[in-house]
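Have the model loaded in your viewer and a selection tool at hand.

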Amino acid sequence: MTRLTSQSEQQPPRQGLILLQLLVLGLFCLFALRLWYLQIHRGEDFALKARENQLRQEAIFAPRGLIRDRDGELLAVNEPAYALGLVREDCRDIAGTLVQVSQWTGVPLETLRETYAKRRLRVKPFEPLILIPDLTFEQMTVFEANKLDWPGLEIRIHPRRKYIHGELMAHVLGYVAEANEAEMKKIPELALGDDVGKLGLELMLEERLRGDKGLMQYEVDVNGRRLDARILQQPRAGYEAVLSIDLGLQSLIMDWLKDEAGSVVVMDADTGHLLALVSSPSFDSNSFTAGLSPEQWAQLRDNPKHPMQNRPIQSAYPPGSVFKQVVAGAGLANDMLDPEETVNCTGAMKLGNHVFRCWRWRYGGHGKTDLEKALTESCDVYFYKLGKRLGVDRISEYAKACGFGERTGIMLPHERSGIIPTREWKRRTRGERWQGGDDLNLSIGQGFTLVTPLQVARFVASVINGGRLLKPELLKDRKATVQRMLPSKPQDLQLLREGYINTVDAPRGTARRLRTKGVVVGGKTGTAQVVRLTDELRDLEDDEIPYKYRDHAWMAAFAEKGERKYAIVAMIEHGLHGSSGAGPVVKAAIEYLFNGKILKKKE
Amino acid sequence: MAVDRRLIFHINWQLIGLTCILFLAGVLNLYSASGYRLEDGMSVSPYYQKQLVWGLMGMVGMLFFMLPNYRHLKTMAWPLFWFTCLLLIAVFFAGKTIYGAKRWLDLGFMNFQPSELAKISMLIVGARILSKEKEPLNFTRLAYVVGVGLIPAAMVIRQPDLGSGLSILLILGGMILYRGVTGRVFKTMLVAIPALLPLSWFFLHDYQKQRILTFLDPAKDPLGSGYHILQSQIAIGSGQFWGKGFLEGTQSQLRFLPEKHTDFAIAVFGEEWGFAGTMILLFLFCYFLYQMVVIARDAKDLFGSYLAAGVFFYFFWQILINMGMVLGLMPVVGIPLPFVSYGGSATLVNFCLIGMVLNVSMRRFLFK
């Protein structure tokens, strides 16, 4: 008995042994099932995936659409750029390689490490991760000489945008630069390192300019060498854009504006095509494509003349006397203005206990003035009286019908709408009631009113094309789009048009310098106050007034000969007087357009 | 010392044979897993040669563990256990820090990892304690046994080395189940362990949580942490029935498969030898485990039986966890597959433990 017990004590636990055997059986069944599932049931799926792994596909860059001016002159092209990529799988010592790359290129190691860390999640281990998008020739030479010692590094050729007239066309074309996270999310076709339009037409036409990437498939051997490359899909080049811009005119105007801040718009009055759209000062589109250094960016940002501002569409100014045609139009349209009626201008007008002066108040005013004289000599008192009679409601309604206070719809980003004030607007933004004095300011284009040069050009064009308010177009193949008709009778428009012409032709007209033989030219000058001038400033000579207090100079003009009609608007910031400040560049544009002459600015 | 002829006669030759087959299959697979590097002319150490050297050293270790009667281990059990604990404390104060973990002791000529030793001494002490338990374990006895196990396990987890710490507890747990527990203890554990498991989430490191999340949905991040899981399944699955042939695996040869000579080595095997190959390998592993069950059954005494059961669990858990991970049934845990994954000290320990069970098997008919 004792022996039996002791023997049973020496016996291994029976249940334990069964447990172990069950565990072995369970292990076998579990993995046998799983292996059957993976290798037999889904084997073909996985075989396909393995094959896909082995066959690598690579996108072929599609050339971005070229951009030309109206005569076919090239403005934006593509040229090869050399990028330095790192294939993680082939690189033995990534940290060391980064240090070496930093030494070769002078790019700070920190920046390289950041680029690497940011991109490694998006780039497969066997694909090149772009460290430096743009190698100089010297850097390439150094790299080529040493590449055998640094496996994993390779040079990739990719197209880069080049702007032939980088500074001249910057505000029209904008620029492309490497796509960021948000853009890649929005546009699935973009891959890491691709360029995308960021500003100007490059941004607005992005989808059409981009083209379709091609696809190349190749097999790789054990060492990652490519075998059997095959093109699955040919790349398709992007749309080639031909602009309505006349490069010669654009560059002539740019020369005239060289040291000024301002803008010039030249618009075909029949079609809305823009022949020139100049904003000065400008920047160089190419500096963004290659990647702007922080210093370059700071320089652009801190420049007091704001080169990044696209003035003709993004800067809204008080229109000054340029607005008088609008107010006259409003009077005629409302049948509240008799062109024959005269007003006696004594140089000022009193409203309450405030005196509103005419610009000729020093000389005792304009005397007896009818509409024709008021427009030609830009009499303020005449318009004060007209404005008082019309009131803000009628003037604003008409101004809005003429396209002021709204975006023109030009194919460029970040356009501003300007301001046409109304009673409601003043209450909402200033918390004040509309006053009689506001009517008077409004009637001579001062006060709250703000317009962009492009809006003015569009208005002038509509006055001479039969009242068709056109959408400004930058592409040559676009047909004219009439956005609406001015609410004026043809004979009223004729009166306004004559007002422009007389301003150029009449002996006392303010725009006489525009007269051009054989061309019908009309124009309206404008001087927009930047600040309410104190008497001491008023008494200073022009060149003694500090730059930032000087008045803005406007010239809203048109020129026509036969079928050709152009609206030409110049706006020179702090240009002092409409005629002398903004007139000469308009005159140069007219000479270029009709006589093919290049007038150089006198130094 | 003349070796008793009966000893040689009673050696479990099947286990020796299985061990050798598994080891050689592993070396062959390693040759494939690291072969491309050699063709490329790049000077990366040829793993299969190193593995062969470690295997030869392992066989010497195996012999060393076979020769002296294993009953000496019974007397050495506790001293060895406390010695191990001392080493773990030493690691805590004077250990070498590699990759943020303090796991190594610098012996001058090599780095030594006391947590490996802890697994072995746990196994021996476990066998000694459990072989003296006359009844299935009740709560008190269970608490005592688990308490002993927690001493080294906690210290290893603190290093931190969660994998090894849990291995120690799993080996001990397996041996406890082999011994048997009372019905009440069993029922309580059946309820309590699944209930407490979710709590452990809060003790995991972020990267460990990430691995579990990735396991649940590997497609979410196919280039990041899900990469291993997806690529290893593609490798194995694409082997289909007959495999792509030795050295022909595209997944491994083209380097899509990560960690292919260590933790994911069986994926290379599956790709090149197919379902036919993996089934044979799986069968060999199971038969290998079964032989240890046989040794546990036929052991002369309970201590020997528990030793064999301990070694059984030492291998069982590794096979279960590694294959489970590579086949996508478990989160990624860095545990190698015995004999197939490359690893010097692991190979050495594996052979020594085989030596220990062989020792039990060859002395099954000897009386004290």
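Which residue is the bridge partner of Lys561(A) in strand 21 of chain A? Select Arg564(A): that is the partner. Before moving on, note that this is a predicted model, where local features need pLDDT of at least 70, side-chain atom pairs count only at pLDDT 80 or more, and totals for chains, interfaces and linings use all residues. Residues are numbered from 1 along each chain as its sequence is written, with chains lettered from A and ligands numbered from 1 in the order in which they are written.

Now widen the selection to residues 552-561 and 564-572 of chain A, which are strands 20 and 21, paired antiparallel over 9 bridges. (Strands are DSSP runs of E, at least two residues, and helices runs of H or I, at least four, numbered from the N terminus; two strands pair if DSSP finds at least two bridges between them.)

Next, show the whole open sheet of chain A: 5 strands in the order 12-11-21-20-19, with antiparallel pairing. Strand 12 (274-280) and strand 19 (520-528) of chain A are at the edges with a single partner strand each, so one side of each has no neighbour in the sheet.

(Contact means C-beta atoms, placed from the backbone, within 7 Å.)

Finally, turn to chain B, where 48 residues are in contact with 37 residues of chain A. Pick helix 12 of chain B, which gives the most to that side, with 12 residues.

How values were computed. Contact = placed C-beta atoms within 7 Å.
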